[in-house]
Amino acid sequence: ASGQLCTLYMRLSDEPGVLSHVLQQLYQAGANILTVNQNIPQKNAAAVSISATLDAATPAQLTAVLQNVPGVKRIEKVY
């Protein structure tokens, strides 16, 4: 998975700290974050896309970890 580009799309609860916890999990997985795009929350959730390169974790492993972050409502790998 070294240097593999991965883009994730998520729906996050509109609560303080949710995006920060997601970014912390990405850091702990050894991901190098390239872009973060968060839309204005609607109906208590915000759409977020994150692109990163992965050196250790696979996209499937990363998705599994992020699904357990409180406030992550939906997550899918775009590519």
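**Sheet, helices and loops in a predicted model**

Asn44 is found in the loop between β2 and β3, in a model that is predicted.

Me: Which relative accessible area does Lys43 have?
Reply: Lys43 is found in the loop between β2 and β3, and this residue, although it is not a glycine, has a positive phi of about 55 degrees. Lys43 is exposed, and the relative accessible area behind that description is 81%.

Me: What is the order of the strands in the open sheet?
Reply: The sheet has four strands with antiparallel pairing, and its edge strands, each of which pairs on one side only, are β2 (32-38) and β4 (72-77). From one strand to the next the twist averages 20 degrees. Read across the open sheet, the order is β2-β3-β1-β4.

Me: Over how many bridges do β1 and β3 pair?
Reply: Strand β1 (residues 4-13) pairs with β4 in the antiparallel sense over five bridges; within that pairing Arg11 has Arg74 as its bridge partner, and Tyr9 stands opposite Glu76. Towards β3, Thr7 of the pairing has Ser51 as its bridge partner. The pairing of β1 and β3 is also antiparallel, and its number of bridges is 10.

Me: Is Ser13 buried or exposed?
Reply: Ser13 has its place in strand β1, and, leaving aside neighbours within four places in sequence, this residue is in contact with Val18, Asn44, Ala45, Gly71 and Lys73. Residues under 20% relative accessible area are called buried. Because the relative accessibility of Ser13 is 12%, this residue counts as buried.

Me: At roughly what angle do the axes of α1 and α2 cross?
Reply: Two packed helices are described by the angle between their axes and by the distance between those axes. In this pair, Val22, Gln25 and Leu26 in α1 meet Leu62, Val65 and Leu66 in α2, and the residues of the contact divide into five nonpolar, one polar and no charged. The crossing of α1 and α2 is right-handed, their axes come within 10 Å, and the angle at which they cross is roughly 145 degrees.

Me: How many Å apart in space are Ala57 and Gln28, C-alpha to C-alpha?
Reply: Ala57 lies in the loop between β3 and α2, and with a relative accessible area of 12% this residue is buried. Ala57 and Gln28 are 29 residues apart in sequence, while their distance in space, C-alpha to C-alpha, is 9.8 Å.

Notes
Residues numbered from 1 in each chain as written. Predicted model: local features only at pLDDT ≥ 70, side-chain atom pairs only at ≥ 80, totals over all residues. Heavy atoms only, no water. Pairing = 2+ DSSP bridges. Helix = DSSP H or I, 4+ residues; strand = E, 2+ residues; numbered from the N terminus. Axes fitted to C-alpha atoms, helices over the stretch in contact; angles between N-to-C directions. Buried < 20%, exposed > 50% of the residue type's maximum accessible area, 1.4 Å probe, protein only. Contact = heavy atoms within 4.5 Å. Left-handed = near helix turned anticlockwise from the far one by under 90°. Nonpolar A, V, L, I, M, F, W, Y, C, P; charged D, E, K, R; others polar.
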